[in-house]
Structures are given as structure tokens and as C-alpha cells.
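This report describes the fold, surface and charged pairs of a protein. Please keep the sequence and structure in view while reading.

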Amino acid sequence: MRYAVLGTGVVGQTVAAKLASLGHEVVVGTRDPKATLARTEPDGYGNPPFAHWLAAHEQVRLETFADAAAWAETVVNTTSGAATLQALEAAGTANLAGKVLIDIANPLDFSQGMPPSLNPVNTDSLGEQVQRAFPEAKVVKTLNTMNCQIMVDPARVPGEHTVFVSGDDTVAKKAVTDLLVSFGWPANSVLDLGDISTARGTEMLLPIWLRLWGALGHADFNFHIQGARTGA
Ligand code: NAP
């Protein structure tokens, strides 16, 4: 399968590396490939510049958001939540039409400092905004409720724990569930919450996720919903 992973941060890198390791063809999307490759400073979280990561993943290419999305069969959004609509606009409506669009972004708003708040929240979600802005894309919100290392390696957290999916298209959710299983998620850990409006709930887990991160002092934890009858 051809995947475009839109986003050059640690989440894009982690998901792109996993997809490539599973034998998929992967292109990472960015605003300006030359500018991204020219960065020499660590990112805001202290991660090495993107070019270092790319050099270690020679099977992955870097393209503009539009070229990556046009080439791909499935698109993964790992851009900053505040910039997601802009990034997807740059990817191009026609290049997203008819494709599964896996949305991992969270609408964190850092404008008032730390901890971030959410925008949108309560009566709307980023997942819904994306689906409304790109009605012909099949948006599936998933994996946004955990650290990116766990997304692609759920065994980092001992025992059973849960990954949520939200989306309007049942076939797209099935395809995403199959992808999650290939990442190592047991099928009965995948909890389909319903249509894309249920992304409000998973995005609103972020405030408690951030507090848990602070309280535990590490990010190797996840939510586990006991009593769920889940699975593909
Ligand atoms: P990030 O720093 O939040 O976002 C980086 C990406 O956003 C880059 O590709 C950048 O484009 C793009 N971007 C920034 N401003 C833009 C603009 N004005 N227009 C278009 N694109 C813009 O990356 P991250 O830390 O990897 O997080 C990615 C997403 O995953 C976020 O939404 C985050 O909330 C979510 N998430 C993170 C984790 C985690 O473990 N860190 C877990 C769950 C969910 P360029 O490539 O052109 O610079």
C-alpha cells in the first residue's frame, strides 16, 4: 500500500518508519522539502533534525504535502493540530478525495501557554472539522490518545489497553483496524466509538492524558476500557 504521512515531527517519523518496516511504500509530506531538509537544529522537543531521520530511512521519500497526497492510496495526518486544516488544504482536496484519511492530530492550543487547551472542543472536534472541510475523504480518527511510540508498539504498555477509532465510513474503519492489527494491536483492543463526532471524546482525553504524563513522569501508559466488547 502507498501511504503519505503528512507531518515531519516525531509522530510522522514514528508512523512512517513503522509503515516502511511493514513493507509499505511511504512518502512523508511537508510544506517545503528543501527547507525541511535544510534544518540543522533539533525540533522544539529536542529531537534531531528531520534530515537525520530521513538518512536512516532511505526507503522513505520526502515530498510536498500535495505531491505526497496525490501519490498515496491512504493519507495519514500527523501535522500540528493548529495547522492541520492549512496542511490538508495544501495537500489538496482532489488529492484526498475518495481516500482513507487517518487523523492522529490533536487540536492543542498553546496560545495561552502551558498546559494547552483544546480548540475546537465540546461541541466540535478537529476530526469533524477535517471531515467537513474534505467531505470526499474518509476520515478516521485514531491513535491520538497515546504517545507515538505506543501507537506502533503497543506491547510497550503491559496488559490490555485500548485504541479508539471514530469515523463515518465503516469500510474505512475496517481498513484502519486491519492496519492497527498489523501494528501489533490485538483486534479486541480496537474500540469503534461510532461516527466522526465521537472524536470529540477522544480529543478531550488530552487534558487528562497530559496530567497523567506529569503525574507518572513517563509516557508509556494508555487507557484501558474494561467491559468493552470490542474487535473487528
Ligand atoms: P508537530 O510539531 O505538532 O507538527 C509538525 C508538522 O506540522 C510539520 O510537518 C509541520 O510542517 C506542520 N505544520 C506546522 N505549522 C504548519 C503550518 N502553518 N502549515 C502547514 N503545516 C504546518 O508534530 P508532532 O509532535 O509529531 O505531532 C503531530 C501531531 O500528532 C500533533 O497534532 C499532535 O498533537 C499529535 N499527537 C502527538 C503525539 C505524540 O506522541 N507526540 C501523540 C498523539 C497525537 P513542516 O514539515 O513543513 O515543518
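Phe-110 lies in the loop that runs between strand S6 (108-109) and strand S7 (117-118). Helices and strands are here DSSP runs numbered from the N terminus, helices being H or I with at least four residues and strands being E with at least two. The model is predicted, so local features need pLDDT of at least 70 and side-chain atom pairs count only at pLDDT 80 or more, while totals for chains, interfaces and linings use all residues. Residues are numbered from 1 along each chain as its sequence is written, and side-chain values use heavy atoms, with hydrogens and water left out.

Phe-110 has a relative accessibility of 43% and counts as partly exposed. The term refers to values between two limits: buried means under 20% relative accessible area and exposed means over 50% (1.4 Å probe, protein chains only). Together with Tyr-45 and Met-114, Phe-110 makes a nonpolar surface patch of about 440 Å². Patches consist of residues with over 30% relative accessible area and no salt bridge; like charges are joined within 9 Å, and nonpolar side chains (Val, Leu, Ile, Met, Phe, Trp, Tyr) within 5 Å. Accessible areas come from the Shrake-Rupley method with a 1.4 Å probe, and for residues only the protein chains shown count as cover.

## Overall form

The protein has 11 helices and 10 strands. Its radius of gyration is 17 Å, close to the 17 Å that the globule rule gives for 232 residues, so the protein is as compact as a globular protein of that length. This radius is taken over C-alpha atoms, and the rule is 2.2 Å times the number of residues to the power 0.38. The C-alpha trace spans about 50 × 40 × 35 Å along its principal axes.

Of the 232 residues, 48% are buried. The protein exposes about 10,900 Å², of which carbon and sulfur atoms supply 53%. Among contacts (heavy atoms within 4.5 Å) with a separation of 6 or more, 73% are between residues 24 or more positions apart.

## The buried side of helix H11

Which residues of H11 are buried? They include Leu-206, Trp-209 and Leu-210. These residues cover an arc of only 100° around the axis, and therefore they lie on the same side of H11. The arc is that of the directions from the helix axis to the C-beta atoms. An α-helix has 3.6 residues a turn, so residues three or four places apart point the same way.

The buried residues of H11 pack against S6, S7 and helix H10 (199-203). After H11 comes Gly-217, whose phi is positive, near 80°.

## Salt bridges

The structure holds 8 salt bridges, each being a side-chain nitrogen of Lys or Arg within 4 Å of a carboxyl oxygen of Asp or Glu. One of them joins Asp-103 and Lys-141, with the closest N and O atoms 2.8 Å apart. This pair links distant parts of the chain: Asp-103 is in strand S5 (residues 100-103) and Lys-141 in strand S8 (residues 138-142), 38 residues apart. Asp-103 is buried at 0% relative accessibility, and Lys-141 is buried at 1%.

Another salt bridge is formed by Arg-156 and Asp-220, whose closest N and O atoms are 2.9 Å apart. Arg-156 is in the loop between helix H8 (148-152) and strand S9 (163-167), and Asp-220 is in the segment after helix H11 (206-216), 64 residues apart. Arg-156 is partly exposed, with a relative accessible area of 37%, and Asp-220 is partly exposed, with 29%. Elsewhere, salt bridges that share partners join Asp-103, Lys-141 and Glu-203 into one network.
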